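Morning, everyone. Today I have one structure to walk through, and I'll keep it quick. Please bring it up on the screen.

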Amino acid sequence: AGNCYDIAKLWHPLLPASLQAECTVKSIEEAVDDVFYEGLPSCTTPVCDLHSLVATLKSCGLAVGLATNDSESGAYRTLEPLGACDLFDFVCGYDSGFGPKPQTGMINAFCEAVGIEAGEVAMVGDSWHDMEMGRQAGVSLKIGVLTGTADRDDLRPDADLVLDSIRDIQTAL
């Protein structure tokens, strides 16, 4: 799974030489990120009651984080129309300074932010990159969910558990 920076790195050399100095990789990255999120409020559809899910997890004493291979600002732009910006104990994107998935930086930063070890983390994800990040970081449980981009066959080899929906996380834990 690539991110806006990966797209910008690929597009930049394709620009005419006269535009390459003016249109930096960073400016292309920001423009691509903006395009992806331009129509977001009108198409953001939660698959569950996010407020209820996070509240239930937190009532069990769990810290809840969000790590995405989208930008951090993109994560907040996705959460904003849902009124969910303040729900999470930790939010990061590929550009938050911890590296993209499947590198382990996002999990390490979450652990540091909430004061736990990776072995205490149950990581939920919808892609191979999520499962691989969890494996490399040494999380205790890798939970795949089918309410994202992957199907059961994609997740099963690397996940400890595969759920039909993120809604099912409450009963699984």
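A search of the whole structure finds seven salt bridges. By salt bridge I mean a side-chain nitrogen of Lys or Arg within 4 Å of a carboxyl oxygen of Asp or Glu. Before the details, some ground rules. This is a predicted model, where local features need pLDDT of at least 70 and side-chain atom pairs count only at pLDDT 80 or more, while totals for chains, interfaces and linings use all residues. Residues are numbered from 1 along each chain as its sequence is written, and side-chain values use heavy atoms, with hydrogens and water left out.

Now three of those salt bridges. Take Asp130 and Lys101 to begin with. Their side chains meet at 2.5 Å, N to O. Asp130 lies in helix α8, and Lys101 is in the loop between β2 (90-92) and α7 (105-114), so the pair ties together parts that are 29 residues apart in sequence. Helices (H or I, at least four residues) and strands (E, at least two) are DSSP runs, numbered from the N terminus. Are these two residues buried or exposed? Both Asp130 and Lys101 are buried. Buried means under 20% relative accessible area, exposed over 50%, and partly exposed in between, with a 1.4 Å probe and protein chains only.

Stay with α8. Arg135 and Glu132 also form a salt bridge, again given as 2.5 Å from N to O. They sit three residues apart in this helix, so about one helical turn separates them. Glu132 is buried, at 10% relative accessibility.

Next, helix α3, residues 25-37. Here Glu29 and Lys26 are three residues apart, about one helical turn. Their salt bridge has its closest N and O atoms 3.5 Å apart. Glu29 is buried at 6% relative accessibility. Lys26 is partly exposed at 46%.

On to the sheet. Three strands form an open sheet in the order β3-β4-β5, with parallel pairing. Two strands pair if DSSP finds at least two bridges between them. β3 (122-125) and β5 (161-163) stand at the edges with a single partner strand each, so one side of each has no neighbour in the sheet. Neighbouring strands are turned by 25° against each other on average, direction ignored. For angles, axes are lines fitted to C-alpha atoms, for helices over the stretch in contact, and values run from 0 to 180 degrees between N-to-C directions.

How many bridges join β3 and β4? Four, in the parallel sense. There, Met123 stands opposite Lys142 of β4. Strand β4 (residues 141-145) pairs with β5 over three bridges, also parallel. β4 is mostly covered, with four of its five residues buried.

Last, the surface. Leu10, Trp11 and Leu14 form a nonpolar patch with about 400 Å² of accessible area together. Patches are made of residues with over 30% relative accessible area and no salt bridge; like charges are joined within 9 Å, and nonpolar side chains (Val, Leu, Ile, Met, Phe, Trp, Tyr) within 5 Å. Areas come from the Shrake-Rupley method with a 1.4 Å probe; for residues, only the protein chains shown count as cover. Trp11 belongs to helix α1 (residues 4-11). Trp11 is partly exposed, with a relative accessible area of 48%.
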